[in-house]
Structure formats: structure tokens, C-alpha cells
Amino acid sequence: MNKPILSAHFESRKPSAVRLAQMKYEERKVKPEAVINVGIGNVSLPANTAMQKRMFALDAKNSPFASGVIRYTTTAGTQECQDAFRNILNCEGFDTSKLHIQVTDGGSTAMELLLIGTCGPAGTDESPLLMIDPAYTNYISFAERTGRKTVTVKRQLNENGNFDLPEIDKIEEVIKANNPGALLVIPYDNPTGQLYDYDSMKALAELCVKYNMWMVSDEAYRELYYDTDKPLVSIWGVTDADVPGIEGRRISIETASKVWNACGLRIGALITDNAEFNNRSIAEYTANLCANAIGQYIFGALAHESKEGILGWCQEIREYYREQILKVYKGLKEQEPNLIVSNPDASIYTVVDVRNVVKPGFNAIDFVLYCAGEGSVNIDGVETTLLVAPMSGFYDIKDSEANPGSTQFRLSFVETPEKMDKIPELFVKLLKEYEAQR
């Protein structure tokens, strides 16, 4: 009997780099006593306290869900949820008077809308999205899903653990060759942890104006930067006064996931200062009907928080991550001095490159699958394994080209401090065990 035929797109699909280890581990027949998962940015901290109050009182008299009815909201999202995103930006010192806010099901859905709203027709190379490699892998995945083209400018991880932003003339060469519709920046970078300073953002904005591109900023980690002597960086801090013509072409992607510790709430936003883009984006999103109604209500609590409450929360979260990042960095270098470990000054990730400590032919994906599928080592008397993300999926590399991510891994600072303390020893022991078997 004939079988139904999968589409070519489905046949080509592979798990996202950030989910690969977890999916393999779930298939494992005999699991070790413990597993530490830093392959995905699944924050384990409690959500913001104002949000928690609403979450635990959905049946309160003043709750819209007290009667048990859960109706659609408007496609653009509730006014209160929009105001929560607006209040955060206001508290951080940005002018929101000209901004249009569309609430989405997580930042992920905002990414898809961004691609189909700024790039050329599906299935063509017209007006691609320009990214700075390595870039968050989901942009690559969503581009493939929607049939949009991406092009990249490459960054390299130096021996000293720093990623250097490409020179402006190199970016300009790629723009001239590909005529992109939009430039994506992640100023507090996922996956590298690199922080784009104001001068870098301004220079990139000037390119967007010069070549008539949208400037898109993924601001999921805006408040998570660790050199507090520098000002808060945002696309909303680059105005016509700095770069004439930048206003009207700015877009940011926002989320409740990271700073507000609500990954599973699936609330994000697409913010722009271009009314036409906003109108068309909402029209496109009407097919989705609306974002999560309960999630919007919970996140909407931030619309009523004071400036002191918003900034105080951000400082607390920033200090927590700064401590974790420093401990893991020092621990990895102590366990294996020849590891290249990135120096994250923003976000909640670090990149570890093992190119100086492994034998030729090493493949990061194979190591990840080994750890998830069969590997384990003894840590404090407990058989333990580690789930990490291979960096190869964060590079937009042709099959015929060498992928720098083949020896690199992204680690997320999402587990408890007690578990994060174990990661340096765990990672190095698993790596040595794997290499001994090759």
C-alpha cells in the first residue's frame, strides 16, 4: 500500500540546535542519576513578583478569568499588555510616544512576522535578512520555514575569547552584493554574549539609512549587560538626532521569557515606529487570532509597576547572572586552561571552543548526542550527564564550507547556582571520556 508523501520541507527538517540534546536524552533507555540541561535558555528563576501575584490569583474577583471564560483578545493584544512593554521602555528612559506595539505568542512568532514583513517573496533571493554570524539559530529556521533568504557577515571567536564585530566596510560589501531588506542585530548577543555598544549601533543604523533597510533589534536581553559603567543600549536609543532617517525603519523584538523569567508564558511583542508596518503585521497576524490571553493578563501586571520597581528588578537579575557567568568562566579555565571560553558581557550565554584540546575530526553534534544518549561521569558520587547546544546550528554556513561551530558549544546560565557550579568539571570530564573513545 502506498504511503502518504511528506513535503520536501518536512523531509529536510532536523531538530533545532537548542533542542537537539533534550530530544536525544528523552529517547535514552537507561538514564543516569542526574542531568544538567544548559542547552536551551529555559530560565529556572521565579517570574517577576507582580506577575506571580496575578498567576496565583486567576480566580480573583478582579480577574477577567474569574468566571472561567477565556475569550480571544484583539489581534494586537490587550491594551494593558501593550502598556506593559511600553512601561518597561519608559522606565528605561526611552521615548515610546511614537511606538506601535503588537503582542505575539513569544518572541518566536515576532521573528516570523519580521521575516515575512521585511524580506522578499517566498522562494526567492530577493531582499534577504542580513545577520551577523553566529546568530540565534531560530532566525535561520524560521527563514527556511517561510521560504525567505538569509545572508550573513561572519564573526570569529579569537583565542582570547572575544568575538569581534565585522568591520563596517565588510558589512557594506555584503549589503552591496545582496541588497538585503533588513539588518538584524542582537545587541546583547545570543549566542555569543557580546555587547554591541552605542557607537556600533549607530554605525549599523547609518548603513540601514544609506541602503534603505529596516533595522531590527532583538531585545530579549536588553537589561542583561554586565558593564554597568556603559549606558543601556537599545534601538530605541538611536534616533533621528543621532542618525537622520533612522526613525520609521526601526523594529524591535521583545519577550517575557528572559529578564522577566517567564519562558513558558509565551508572550512577546513586535514593536515599531512605522505605522504601516504595524498595520500590515496585525493584518497578517489575524490568521493567528491573538496571543495567549492568560499570558497577556499575567505579563500585563508590569504595566502598573513603578520605575523603581522595574529598574530594581532588572538590577537584581543582572547581579545574579554576573556572578554565575564569572564562576563558570573561571571554573572552565581551571579545569582545562586550553579551552577557549567567550567573555560574555551581556545576555545569559557563553561559547566554549574545544579546538585546542580535541583530536582532528571532532564534531560538536556528535559529542552532544554522546552526552545525551550514553555518556555520564561521576560528579560528587552521582552519575551525571550534561546537555549543551552545538554551535554549528548558529552559523549560516553552506554545506561545502567549514563550520566554525564544529568545535564550539553554547552554554546557557539557566540552571540553579548549585548545578551551574558542577558544569566546569562535568563538561571537561565528559569531553575527556568522549575523546578517549574516538
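# Reading loops, cis bonds and salt bridges

Guide: D380 counts as exposed, with a relative accessibility of 62%. Keep in mind that this is a predicted model.

Visitor: What cut-off makes a residue with 62% relative accessibility exposed?

Guide: Exposed means over 50% relative accessible area, and buried means under 20%. D380 stands at 62%, so D380 falls in the exposed class.

Visitor: Where is D380 found?

Guide: In the loop between β11 (377-379) and β12 (382-387).

Visitor: Which value does phi take at N179?

Guide: Phi of N179 is near 50°. That is again a positive value in a residue other than glycine. N179 lies in the loop between α7 (168-178) and β5.

Visitor: Is N179 buried or exposed?

Guide: N179 is exposed, with a relative accessible area of 53%.

Visitor: What is omega between N190 and P191?

Guide: About 25°, and this bond is cis too. P191 belongs to the loop between β5 (182-185) and α8 (198-210).

Visitor: On to side chains. How many salt bridges does the structure hold?

Guide: The count is 18. For each pair, take the N to O distance, then the place of each partner. R222 is in the loop between β6 (214-218) and β7 (250-255), and E92 is in the loop between α4 and β2, so the pair ties together parts 130 residues apart in sequence.

Visitor: Are R222 and E92 buried or exposed?

Guide: R222 is buried at 2% relative accessibility. E92 is buried as well, at 13%.

Visitor: Which residues are linked with R222 and E92 in a network of salt bridges?

Guide: E219, E223 and E254 are linked with R222 and E92 in that network.

Visitor: Which salt bridge partner does D273 have?

Guide: R250, at 2.8 Å from N to O. This pair also links distant parts of the chain: D273 is in the loop between β8 (268-272) and α9 (275-285), while R250 is in strand β7, 23 residues away. D273 is buried at 12% relative accessibility. R250 is buried too, with a relative accessible area of 6%.

Visitor: Back to D380. Which side chain does D380 meet in a salt bridge?

Guide: K422, at 2.9 Å, N to O. The pair joins the loop between β11 and β12 to helix α13 (residues 417-437), across 42 residues. D380 is exposed at 62%. K422 is partly exposed, with a relative accessible area of 29%.

Visitor: One more loop. Where is S97?

Guide: S97 is in the loop between α4 (79-91) and β2 (100-104). At 59% relative accessibility, S97 counts as exposed.

Visitor: Which side chain is joined to that of S97 by a polar contact?

Guide: That of D95, at 2.8 Å.

Methods: Residues are numbered from 1 along each chain as its sequence is written. This is a predicted model: local features need pLDDT of at least 70, side-chain atom pairs count only at pLDDT 80 or more; totals for chains, interfaces and linings use all residues. Side-chain values use heavy atoms; hydrogens and water are left out. Helices (H or I, at least four residues) and strands (E, at least two) are DSSP runs, numbered from the N terminus. Buried means under 20% relative accessible area, exposed over 50%, partly exposed in between (1.4 Å probe, protein chains only). A polar contact is a pair of N or O atoms within 3.5 Å; within protein, one must be able to donate a hydrogen and the other to accept it, and residues adjacent in sequence count only if both atoms are side-chain atoms. A salt bridge is a side-chain nitrogen of Lys or Arg within 4 Å of a carboxyl oxygen of Asp or Glu.
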